[in-house]
Each structure stands twice: as structure tokens, then as C-alpha cells.
Amino acid sequence: MGKAVGIIEVYGLVAAFVACDAGCKAADVTVENFDKNKPGNPDGLAVPLIVAVKFRGDVSAVEAAVKAAEEAAKRVSDVICTHIIPNVEEDTEKMLKLNAFDKN
């Protein structure tokens with residue numbers, strides 16, 4: 001099992017950077033690659049890009065990072081959802097490494 005992971009999905013890349021910055025300043029965490037998703041109805045959204053930010057660390061640090069990230073992102077656009085996985089299983093670890101920004 002790995003470290004805890006906290007995931008926050010936000011609308012837009014600017015909100016993702018703001019969330020990432022706030023989370024890293026709030027707690028001793030590391031950040032994995034951002035992941036992006038363009039929903040099927042982009043014209044119906046104010047910001048047509050969804051970005052997931054993933055924080056890694058111990059559970060309390062990840063909780064603090066996600067909370068700070070959520071508060072900061074809401075000042076820029078909006079938060080879709082957040083989730084914390086306290087003990088990531090090996091197979092889930094493999095999936096966390098995947099992201100839509102990769103060209104491979």
C-alpha cells in the first residue's frame with residue numbers, strides 16, 4: 001500500500017494551478033501530474049475543461065491540502081468533487097499514474 005492520495009477535480013487549468021498551489025502551501029504533500037478531461041457537453045459549461053489535481057502524503061496532510069485546494073479553487077471557478085483514499089492499493093497506484101496529458 002502507498003501513501004494517501006487526495007484528488008480534487010476543478011473547472012479549468014487556472015483553477016487547477018491555484019488549487020495545487022494552495023494545497024502545497026497548506027500541508028507537506030507532493031503533487032502528481034494533473035489530469036484533464038473535456039466533457040461531452042463543453043458548450044454547456046462556463047469552463048469546458050475539467051482538471052484533476054492529485055496530492056500525495058500522509059492522511060492528515062492530504063486532508064489539509066484538499067481542503068485548502070477546494071477553498072482556493074472555488075474563488076476561481078468551481079470544484080466538481082474531492083476524494084481521499086487513505087491507503088492506495090497497488091493496482092490503483094498504476095491507474096493514478098495515467099493522465100490525459102501524456103502523449104503515449
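Cys20 is buried, with a relative accessible area of 14%. Here buried means under 20% relative accessible area, exposed means over 50%, and partly exposed covers the values in between, with a 1.4 Å probe and protein chains only. The structure is a predicted model, in which local features need pLDDT of at least 70 and side-chain atom pairs count only at pLDDT 80 or more, whereas totals for chains, interfaces and linings use all residues. Residues are numbered from 1 along each chain as its sequence is written, and side-chain values use heavy atoms, with hydrogens and water left out.

A disulfide is a covalent bond between the sulfur atoms of two cysteines. In this model a pair of cysteine sulfur atoms counts as a disulfide when they lie within 2.5 Å. The cysteine sulfur closest to that of Cys20 belongs to Cys24, and because the distance is 4.3 Å, it is too far for a bond. Cys24 is accordingly in no disulfide, and the count of disulfides is zero.

The overall plan of the chain may be considered next. It contains three helices and five strands, where helices (H or I, at least four residues) and strands (E, at least two) are DSSP runs numbered from the N terminus. Read from the N terminus, the elements follow the order β-α-β-β-β-α-β-α. The chain has 104 residues, of which 38% count as buried. Its accessible surface is about 6100 Å², and carbon and sulfur atoms hold 53% of this; such areas come from the Shrake-Rupley method with a 1.4 Å probe, and for residues only the protein chains shown count as cover. Among contacts (heavy atoms within 4.5 Å) with a separation of 6 or more, 76% are between residues 24 or more positions apart.

Which residues form the aromatic pair? Phe17 and Phe34 do so, with 5.2 Å from centre to centre and 55° between the planes, a tilted arrangement. Phe17 lies in helix H1 (residues 13–26) and Phe34 in the loop between strand S2 (30–31) and strand S3 (35–37), so the pair links distant parts of the chain, 17 residues apart. Rings of Phe, Tyr and Trp (its six-membered ring) pair if their centres lie within 6.5 Å; planes under 30 degrees apart are stacked, those over 60 are edge-to-face, and the rest are tilted. Phe34 is buried, at 12% relative accessible area.

The structure holds four salt bridges, each a side-chain nitrogen of Lys or Arg within 4 Å of a carboxyl oxygen of Asp or Glu. In one of them, the closest N and O atoms of Lys25 and Asp21 are 2.8 Å apart. These residues are about one helical turn apart because they are separated by four residues in helix H1. Lys25 is exposed, at 65%, while Asp21 is partly exposed, at 37%. Lys74 and Glu70 form another, at 3.5 Å between the closest N and O atoms, and they too are four residues apart, in helix H2 (residues 59–74).

Arg56 forms a salt bridge with Glu32, at 2.9 Å between the closest N and O atoms. Arg56 lies in strand S4 (residues 50–57) and Glu32 in the loop between S2 and S3, so the pair ties together parts that are 24 residues apart in sequence. Arg56 is buried, at 5%, and Glu32 is buried as well, at 15%. Together with Glu93, Glu32 and Arg56 are linked in a network of salt bridges.
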